[in-house]
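Please open the model in your viewer and keep the selection panel at hand.

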Amino acid sequence: MKLAILGGAGRMGQMLLANAKDLGLDVVAVTEIPGSAHIGQPAAPGLVYQADWPTNADTIIDFTFHTCVIPNLRNAVANRQAYVLGTTGLTPEERAAVDEAAKQIPLCFAPNFSLGVNLLLGLVRRAAQVLDDSYDAEIVEMHHRHKKDAPSGTALGLAQALAQGRGVNLDDEAIYGRHGIVGERPRGQIAVHALRGGSVVGDHTVIFAADEERVELTHKASSRAAFAKGALKAAQWLQGRTPGLYDMADVLGF
Ligand SMILES: NC(=O)c1ccc[n+]([C@@H]2O[C@H](COP(=O)([O-])OP(=O)(O)OC[C@H]3O[C@@H](n4cnc5c(N)ncnc54)[C@H](O)[C@@H]3O)[C@@H](O)[C@H]2O)c1
């Protein structure tokens, strides 16, 4: 595998570089946004940050910003490169471009690459099957103050898993935060709340609250290494796969 890490100077980019080195993976290019002060500076032994598309790689890892995902995918398709996409906050148009690209290249897309969160997705789906909508479902997430999108892609993934477990359409039931005279909580509502502050790597809690009891399922990430290790595992897993859209459940085999 010849790996390129996009956005290498970012929080996730740095973590990916460190973990790729620990695993002895062959990183052949590290990119940064055109105009960045990092361009031309050392990124890793023998590599400098580059703005050009890394044509020498066979596999791309993208943890950047949603606005560059469409051109990035276009480049990857043109160069027949496998793609691990961790960038969140995609618009519907950007999300549709992911589906299109996956018709031509193997692409693993996950709002969260940690083993624990992917286990949590399964647990939430199961809990939503067992606990009916007399259990009010609320999702609370907290992230560091620098995070640009809200709610987190993981919280949206958890909301989707919950809706699937209940057999409902998320768009029909979801609200995102509350403010003002919102009235009583309707049965079946799925509410998502985003907190921001400090250096929190990523906390997610899914609450099922009935009159007589409450179930809370929580995941707390304490290091971005959890996401980096999962993304690198996904990159290895994609080798030799046929084009298609894969997720972490495929990589982890559950
Ligand atoms: N899926 C997951 O498991 C997971 C985990 C953590 C973060 N994320 C997501 O990953 C993304 C990045 O998070 P972060 O905390 O590392 O952000 P960050 O802002 O620290 O890093 C992003 C980097 O990408 C660079 N960049 C932007 N546009 C670029 C382009 N066109 N080409 C090359 N580089 C470009 C930026 O300059 C920056 O250095 C966010 O969308 C975040 O929500 C996903």
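Predicted model: local features only at pLDDT ≥ 70, side-chain atom pairs only at ≥ 80, totals over all residues.

**Lys21, on helix H1**

Remain on helix H1 and select Lys21, which lies in this helix. Is Lys21 buried or exposed? Lys21 has 12 C-beta neighbours inside 10 Å and therefore counts as exposed. Next, draw a distance from the C-alpha atom of Lys21 to that of Pro45; the separation is 10.0 Å, for two residues that are 24 apart along the chain.

**The whole chain**

The secondary structure of the protein chain consists of eight helices and 13 strands. Along its principal axes, the C-alpha trace spans about 60 × 40 × 30 Å. The radius of gyration of the protein chain is 19 Å; a compact globule of 254 residues would have a value near 18 Å, so the two agree. Buried residues account for 39% of the 254 residues. Among the contacts between residues at least 6 apart in sequence, 69% join residues at least 24 apart.

**The nonpolar cores**

Which residues have the most contacts inside the largest nonpolar core? Select Ile5, Leu16, Ile61, Tyr83, Val84, Ala231 and Ala234, which hold that position in a core of 44 residues. Helix H7, residues 225–238, provides the largest share of this core, with eight residues. A second, separate core has 19 residues, and Val124, Ala128, Val206 and Phe208 are among them.

Return to Tyr83 and display its surroundings. Leaving aside residues up to four places away in sequence, Tyr83 touches Ile60, Asp62, Leu73, Ala76, Ala101, Ile105 and Leu107.

**The two domains**

Colour the chain by its domain assignment, with 3–109 + 224–252 as domain 1 and 115–221 as domain 2. How many Å separate the centres of the two domains, taken over C-alpha atoms? The separation between the centres of domain 1 and domain 2 is 28 Å. Where the domains meet, eight residues of domain 1 are in contact with nine residues of domain 2. On the domain 1 side, H7 and helix H8 (248–252) each supply at least two residues. H8 gives the most to this side, with three residues. By class, the residues on the domain 1 side comprise four nonpolar, three polar and one charged.

**Two loops with backbone features**

Select Ala150 and Pro151, and inspect the peptide bond that runs from the former to the latter: this bond is cis, with omega near -10°. Pro151 is found in the loop between strand E8 (136–143) and H5.

Then move to Arg80, in the loop between helix H2 (69–78) and strand E6 (82–85). The phi angle of Arg80 is near 50°, a positive value in a residue other than glycine. Why does Arg80 count as exposed? The reason is that 11 other C-beta atoms lie within 10 Å of Arg80, while the exposed class extends to 12 or fewer.

Gln160 has 17 C-beta neighbours inside 10 Å and so counts as partly exposed. The C-alpha atom of Gln160 is separated by 9.6 Å from that of Ala174, which is 14 residues away along the chain.

For the last stop, select Thr91, in the loop between E6 and helix H3 (92–101). Thr91 is exposed, with 12 other C-beta atoms within 10 Å. Finally, draw the C-alpha to C-alpha distance from Thr91 to Arg185: these residues are 28 Å apart in space and 94 residues apart in sequence.

Terms used: Residues numbered from 1 in each chain as written. Core = buried A, V, L, I, M, F, W, Y, C linked by C-beta atoms within 7 Å. Buried ≥ 20, exposed ≤ 12 C-beta atoms within 10 Å, placed from the backbone. Helix = DSSP H or I, 4+ residues; strand = E, 2+ residues; numbered from the N terminus. Contact = placed C-beta atoms within 7 Å. Domains from an automatic or database assignment. Nonpolar A, V, L, I, M, F, W, Y, C, P; charged D, E, K, R; others polar. Rg over C-alpha atoms; globule rule 2.2 N^0.38 Å.
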